[in-house]
Amino acid sequence: MTFGTFFRNNSLKSRWFVSGPWVPALIMVIGFVLVTMAFFAINGRAPLNLFIEMVKGGFGDGYSFSETLVKTSPILLTALAIALPARLGLISVGAEGQLYLGALFGTGAVLLAFDQPGWLLMPLMLAGAMLGGALWGAIPGLMKTRLGVNETISTLLLNYVGILLVSFVVHGPWKNPDSLGWPATVEFPEGAILPQFFDTRVHMGLIFGIVAAVILHILVTHSRWGLSLQVSRSNPRVGATAGISYEKNVLVVMAIGGLLAGLAGIAEASVIQNRLQDGLATGYGLTGFLVAWLAGQHFLRIIPLSILMGGLMASADSLQLYAQLPKASADILQALLFIIVLAVGGLWYRRSST
Amino acid sequence: MELITTEILALLFAALRSATPVLAVVLGEIMTQRSGIINLGVEGQMLVGAMTGFAVTATTGDPWLGVLAACGAGMLLSLVHAALVLGCQANQIASGVAVMILGGGLSAFYGIPYVGEKINSFGSFKGSAVADLPVIGEFLAALTPTILVTLVSIPLISIFLYRTIAGLHWRSVGESAGITRNLGHSPVPYQFAAIVFGGLMSGFAGAALAVDYTSNWVEYMTSGRGLVAVGLVIVARWNPWYALPAALLFGVSESLNLRLQSWCVDISPYLLATLPYLIPLVVLMLSFRGLKAGGGGMPKGLKAVFQGN
């Protein structure tokens, strides 16, 4: 067998080492690195040096990695909030608003039970956050099942409402009178600060995210409920004859998704800001959406991808420091990554998807 | 009595002014969706248009050049959506979100030097003969060029869609790309044109907002207007004539918000600011009910996007 016939007889695509999912993934990574460097070059910065600086900024040493993990937690939780409804074929973009509502309700619980000891305050705070997020997820779910309102549009609009509601309370009824015009609530008491690890800002939110990802993965792949989601998604009518309510499933996935995003919100307020204030976590919701898509809505793959994306966001700070590139460059890089993934994924799977 | 009439007229014209950017996006998105494509990236295209329009106006001093540049910028960014959706068969919603993030990032990145700049915007018709008309003269004189251009584009778009052969093909692509293909017309050129036209209109809308309405540039200043517009397309039943009342919904809720504040109503401005999102959302709920019952004029090609499964 000559070299030529080897290639002719074995069509490239049929061989496992070129047909595995890692091939498009590799193309995506190379594409992203090239486009990032092109972006640096266009803006008159040395591409290679800056790229290395960027990687160092996210993963270079213990401190920068801890900051990466700090940013990972909300991304992970919001990505799960997108990926779970996606299992039912719903395209929710509402993690941002759910995050804010979680922070809002969680803070409400803290303010109500302010003087209670930590063992009571902390669970109340978390329960409040989960309730708020779940509510903000259930509303578009209900609008979908009752009125047929497209969930993408309703979640996008409710994001803005959620952010404004937080602005309302921190400028109005919950404003700390001693903060001299600075719109924020009073500082959270000791008992309402989530535990952190190894003297860094890495907090319980990360654990919540990882545990939730694993549980969701097991539930969706190994439980009756997971199967019912699959049936509901592919054919709601068949599901109905088997006693599976599509409407109920929509509500459940949207509410659980919201609940997780709500946890991300209260973790940001409690650990990172120590209070509720404006501009709590701008953009984490969209980043979560992006990560959920990068992971193909696969819960376990969301974990490493959230860490990578957390690194990208953490390194934006170092881009600012070393190259005086504005913070918006992180948004641009995220968008470029998303575009490359959509392009390569679309082209690669075009044949199989049609 | 006269006071109430003037107050209502003032509210309506204020609503028209603030509705104009949204109206332009609604019109562009109607054209895009009529070809069976949904583009959430209009939010990003609007931001890029706003930033480019403002920057060009600030450097050249000519607001018309700014508007033209904004249209160009919106079209350029919409090419990304066209490439992803038509070239790579990517998911339309995901691609739209990608364009939205990209547009937001690019405009914030390159717009930094222009934050807080001052520009000479369009003059209005104050002092011209129009202003002397009784009752409404004062309000008519406050109309600006972008408002007029947007209003004029309504009949133009509907003539194109309903009275030309190209418009017929355009709509048939949106109803069924497959059948159009079988009839010997490729849907791709129409969908490409539809996305780019949406880019033009949203870029223009950005300029209408930054150069004309506010004469100001702040990053992420559109604050969801593009996304509200995508929702209002459904309220407008994909019909350019209904786009005006649909966009006025946003306009009225926004100017009501400002007006209630000036009337010293004791409601937090942050709660009032939720009105421009909540009112369209409520109307959207009512429209979707009609949609569920009778189709409501939705292009069949969009069914998969809107109703999922």
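Mentor: The model is predicted, so local features need pLDDT of at least 70 and side-chain atom pairs count only at pLDDT 80 or more, while totals for chains, interfaces and linings use all residues. Residues are numbered from 1 along each chain as its sequence is written, chains are lettered from A and ligands numbered from 1 in the order in which they are written, and side-chain values use heavy atoms, with hydrogens and water left out.

Trainee: Why is Gly133(A) called buried?

Mentor: Buried means under 20% relative accessible area, exposed over 50%, and partly exposed in between, with a 1.4 Å probe and protein chains only. Gly133(A) has a relative accessible area of 0%, so Gly133(A) is buried. This glycine is found in helix α7 (residues 118-147) of chain A; helices (H or I, at least four residues) and strands (E, at least two) are DSSP runs, numbered from the N terminus.

Trainee: Which residues does Gly133(A) touch, not counting residues up to four places away in sequence?

Mentor: With that exclusion, Gly133(A) touches Gln98(A), Leu101(A), Gly102(A), Gly258(A), Leu259(A) and Gly262(A). Contact means heavy atoms within 4.5 Å. For Gly133(A) and Phe105(A), the separation is 28 residues in sequence and 8.2 Å in space, C-alpha to C-alpha.

Trainee: What makes the buried residues of α10(A) line one face of the helix?

Mentor: The buried residues of α10 (residues 224-234) of chain A are Gly226(A), Ser228(A), Leu229(A) and Ser232(A). Seen down the axis of α10(A), they fall within an arc of 160°, so they line one face of the helix. The arc is that of the directions from the helix axis to the C-beta atoms. Turned away from that buried side is a face with the exposed residues Arg224(A), Leu227(A), Gln230(A) and Ser234(A). The cover over the buried residues of α10(A) includes α9 (204-222), α11 (236-241) and α12 (246-273) of chain A.

Trainee: How do you know that the length of α4(A) agrees with a helix at 1.5 Å a residue?

Mentor: The expected span is 1.5 Å times one less than the number of residues. Helix α4 (residues 47-59) of chain A has 13 residues and should span 18 Å; its end C-alpha atoms are 18 Å apart, which agrees. Buried in α4(A) are Leu50(A), Phe51(A), Glu53(A), Met54(A), Gly57(A) and Gly58(A). These cover an arc of only 160° around the axis, which puts them on the same side of α4(A). Exposed residues Leu48(A) and Asn49(A) are carried by the face turned away from the buried side.

Trainee: How do you know that the length of α2(B) agrees as well?

Mentor: Helix α2 (residues 42-60) of chain B has 19 residues and should span 27 Å; the end C-alpha atoms are 26 Å apart, which agrees. Of its 19 residues, 15 are buried, so α2(B) counts as mostly covered.

Trainee: What describes the packing of α6(B) and α11(B)?

Mentor: Two packed helices are described by the angle between their axes and the distance between the axes. Here α6 (residues 145-163) and α11 (residues 240-262) of chain B pack at about 145°, with their axes 8 Å apart. Axes are lines fitted to C-alpha atoms, for helices over the stretch in contact, and angles run from 0 to 180 degrees between N-to-C directions. From α6(B), the contact is made by Leu151(B), Ile154(B), Pro155(B), Ile157(B), Ser158(B), Leu161(B) and Tyr162(B), and from α11(B) by Pro240(B), Trp241(B) and Leu244(B).

Trainee: Why is Ser158(B) called buried?

Mentor: Its relative accessible area is 6%, so Ser158(B) is buried. Its side chain and that of Trp241(B) are joined by a polar contact of 3.2 Å. A polar contact is a pair of N or O atoms within 3.5 Å; within protein, one must be able to donate a hydrogen and the other to accept it, and residues adjacent in sequence count only if both atoms are side-chain atoms.

Trainee: What makes the phi of Gln297(A) worth a remark?

Mentor: Most residues other than glycine have a negative phi. Gln297(A) is not a glycine, yet its phi is positive, about 60°. At 12% relative accessibility, Gln297(A) counts as buried. Tyr220(B) also has a positive phi, near 55°, but with a relative accessible area of 38% Tyr220(B) is partly exposed.
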